[in-house]
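Subject: Handover of a structure and summary of findings

Dear colleague,

Please find below the structure that I am handing over to you.

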Amino acid sequence: MDYATRLTELCSREPGLTALLSLPEQGGAALFWLLCTDGSTASMPQVLPRLAAQAGALVTCADEGEGLLCLYEGEPRMVLLRPLPARQYVSTPDARLLWEWRGEVRELRHDPPVLSSLLQRAENSIWLLLARAARLAEQDCLLEAAALTVHIRRHCLLPLLEHINGRFSGSECHRAGNYAAQLLLTHPAADRESIKDALEAARQIYFALRYELADENFSRLETIELEATQLLQP
């Protein structure tokens, strides 16, 4: 019995899981999405290691973002298990459905989130996060500032880039499309100026996206935007 078959059987018996999908490997790791109910999302950090150990001869594992990166004795050597609330699932052509609970995936809406709400959500948080990260960098709290820069890229910029490119899986560069080169600039090195440069790159990407996507119902947070912009000035 191969790994995907074993994992499918385990997921079909696991309370709270509603579907299992496989995606093309990334960075040498086979990728699986485990769709789950909202109520079971909080238990996934405990569920994933158990499923990983039962699915094959597990050597070791490590948290990767919200998922679990697993190393096995046999093939596939490396596997990334990534939980995803079912309501956040957006159909993607490179995802292969292995199992679903009573037609769960086929009955889900496969439309991306409404663009206007995504943009407003980003506006409501990105300037505050940029200002906070800039202040952390100024105080030489470099690890904290760098971590917050990653958070801004993943949670403020990537959802918008996924939407406009229609790419909801794959590497960050793939999902970024024409913004991939600019997105690379949001990866900071371990010094204050590099972090502030990465934050400024994130600011410029968001500013361009907002100009492209905002409609008449969009509301700017001009006060904190001005403050964050001033903090990032050389």
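Conventions

The model is a predicted one, in which local features need pLDDT of at least 70 and side-chain atom pairs count only at pLDDT 80 or more, while totals for chains, interfaces and linings use all residues. Residues are numbered from 1 along each chain as its sequence is written, and side-chain values use heavy atoms, with hydrogens and water left out. Helices (H or I, at least four residues) and strands (E, at least two) are DSSP runs, numbered from the N terminus.

The sheet

Six strands make up an open sheet of mixed pairing, in the order β3-β4-β5-β2-β1-β6; two strands count as paired if DSSP finds at least two bridges between them. The edges are taken by β3 (58-64) and β6 (96-100), each of which has a single partner strand, so one side of each is left without a neighbour in the sheet. From one strand to the next, the twist averages 20°. Angles run from 0 to 180 degrees between N-to-C directions, and axes are lines fitted to C-alpha atoms, for helices over the stretch in contact.

Strands β4 (residues 67-72) and β5 (residues 78-85) pair in the antiparallel sense over four bridges. Opposite Val79 in β5 stands Cys70.

Helices on the sheet

Helix α1 (residues 3-12) packs on the sheet and touches β1 (17-26), β2 (29-36), β4, β5 and β6, where contact means heavy atoms within 4.5 Å. The direction of α1 makes about 35° with that of β6. Helix α2 (residues 44-55) lies across β1, β2, β3, β4 and β5 and runs at about 20° to β4.

These two helices also pack with each other: the axes of α1 and α2 are 9 Å apart, at an angle of about 135°. The helices α1 and α2 are therefore oblique to each other; angles under 35 degrees count as roughly parallel, over 145 as roughly antiparallel, 65 to 115 as roughly perpendicular and the rest as oblique.

Helix α4 (residues 115-138) and helix α5 (residues 142-165) have axes that come within 9 Å and cross at roughly 165°. The two are therefore roughly antiparallel to each other, and α4 passes α5 in a left-handed crossing. Residues making the contact include Leu115, Leu118, Ala122 and Leu129 of α4, with Leu142, Ala145, Leu148 and Ile152 among those of α5. By class, this contact of α4 with α5 has 18 nonpolar, three polar and two charged residues (Ala, Val, Leu, Ile, Met, Phe, Trp, Tyr, Cys and Pro count as nonpolar, Asp, Glu, Lys and Arg as charged, and the others, Gly among them, as polar).

Helix α5 also packs with helix α8 (residues 192-213), at an angle of about 20° and with the axes 10 Å apart. That makes α5 roughly parallel to α8, and the crossing of α5 and α8 is left-handed. The residues of the contact of α5 with α8 divide into 16 nonpolar, one polar and one charged.

Salt bridges

The structure holds 13 salt bridges, each being a side-chain nitrogen of Lys or Arg within 4 Å of a carboxyl oxygen of Asp or Glu. One of them joins Glu14 and Arg50, with the closest N and O atoms 2.8 Å apart. This pair links distant parts of the chain, 36 residues apart: Glu14 is in the loop between α1 and β1, and Arg50 is in helix α2.

Backbone geometry

The peptide bond from Glu75 to Pro76 is cis, with omega near -5°, and Pro76 lies in the loop between β4 and β5. Asp140, in the loop between α4 and α5, has phi near 60°, a positive value in a residue other than glycine.

Yours sincerely

Technical notes:
Left-handed = near helix turned anticlockwise from the far one by under 90°.
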